[in-house]
Amino acid sequence: MSQKNVLTRRMPAIEALGAATVLCVDKTGTLTLNRMSVSQLFADGEFIEIDETDHRELPRRFHELVRFAVLASETDPFDPMEKAFKALGERFLDSTEKNENWTLLHEYSITPKLLALSHVWKSPARNEQVIASKGAPEAVADLCHFNDDQLIALSAHVEAMAGNGLRVLAVAKTSFVGDRWPSTQHDFDFTFLGLIGLADPLRPEVPSAIKECHQAGVNVVMITGDYPATARAIAQKINLPLDDAIMTGTEIDRLSQAELCRRIGHSAVFARVLPEQKLNLVEAFKANGEIVAMAGDGVNDAP
């Protein structure tokens, strides 16, 4: 480490890292650059590709999707995903669609049970409030009370986008009259608007780093909150083995600790994983006698 110009404050930490047998890695910002841009939209049964070098006008049927994605984001975003939405709105929405004089009245946050958030807005020209929601497609579908046929169709559309390695979010809208907002987002009657696919380039050094780890006898495991098809596409690009099925957070919750320990060695990719499930995975690897390192750029990687 000293030859790499690194000063080591706690030598046991370096010794443990040198003995690691499993490296768990987050995806966004770790395997990827966390420089998101909108690459594809889906609305009214149609897909459209978005290219930053293409100066075509966006067809009108996609405007509402973009507008409500912006409304469901922070007005001065710091999150790369929301920055991408804002840039898309600035590029394609006209002055009447940018809602510059609207007031944000209330926010419904993402929860572990519902991976979607909603913003309640007031327009000077309207008596009713406008609510914009965005989040995981299955969560937004839940808010829109999709039936089985709608869920099957939505899943096919999401798979098509995620299969290209895109991060896929859904957007919905509704309205409300009054100032006593419901306690939960579920109490609104949302209308589904469409899907947005975001591209996030891989760090160019990742495939060779994965190869080095494998040559050194370190098993690399990707743990992400993204959709399974997105995780699969990224895993293929970085040469992570996909011989076994991708395990999801829902599956992890259904397993006992003993069952998780038995199955965990057969998957290199875990998708739709919540922070507490990420910790469960690390504990299961440790229970199997592995020495585990975790690489990530978020606070939920630290535990």
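**Notebook: rings, cores and a buried glutamate**

I began at Phe-47, which is partly exposed at a relative accessible area of 35%. This is a predicted model.

Next I looked up its ring partner. The rings of Phe-47 and Phe-42 have centres 4.7 Å apart. Their planes meet at 45°, so I logged the pair as tilted. Phe-42 is buried, with a relative accessible area of 6%. I counted 5 aromatic pairs by the ring rule. Ring pairs also join Tyr-108, Phe-176, Phe-188 and Phe-190 into a cluster.

Then I turned to the cores. Nonpolar side chains tend to be buried together in soluble globular proteins. Here the largest nonpolar core has 30 residues. Val-38, Leu-41, Ile-50, Leu-58, Ile-196 and Leu-198 have the most contacts inside this core. Elements that each supply at least two of its residues include β2 (37–43), α3 (80–92) and β8 (191–199). A second, separate core holds 26 residues, among them Leu-114, Ala-116, Val-168 and Phe-190.

I checked what Val-38 touches, leaving out residues up to four places away in sequence. The list is Ile-50, Ala-84, Phe-85, Leu-88, Ile-196, Gly-197 and Leu-198.

Last, I looked at Glu-82 in helix α3. Is Glu-82 buried or exposed? Its relative accessibility is 9%, under the 20% cut-off, so Glu-82 counts as buried. The Glu-82 side chain reaches the backbone nitrogen of Glu-74 at 3.0 Å. Beyond four places in sequence, Glu-82 touches Ala-72, Ser-73, Glu-74, Pro-77 and Lys-134.

Conventions: Residues numbered from 1 in each chain as written. Predicted model: local features only at pLDDT ≥ 70, side-chain atom pairs only at ≥ 80, totals over all residues. Heavy atoms only, no water. Core = buried A, V, L, I, M, F, W, Y, C linked by side-chain atoms within 4.5 Å. Buried < 20%, exposed > 50% of the residue type's maximum accessible area, 1.4 Å probe, protein only. Helix = DSSP H or I, 4+ residues; strand = E, 2+ residues; numbered from the N terminus. Contact = heavy atoms within 4.5 Å. Phe/Tyr/Trp six-rings, centres within 6.5 Å; stacked < 30°, edge-to-face > 60°. Polar contact = N/O pair within 3.5 Å; in protein donor to acceptor, adjacent residues only side chain to side chain.
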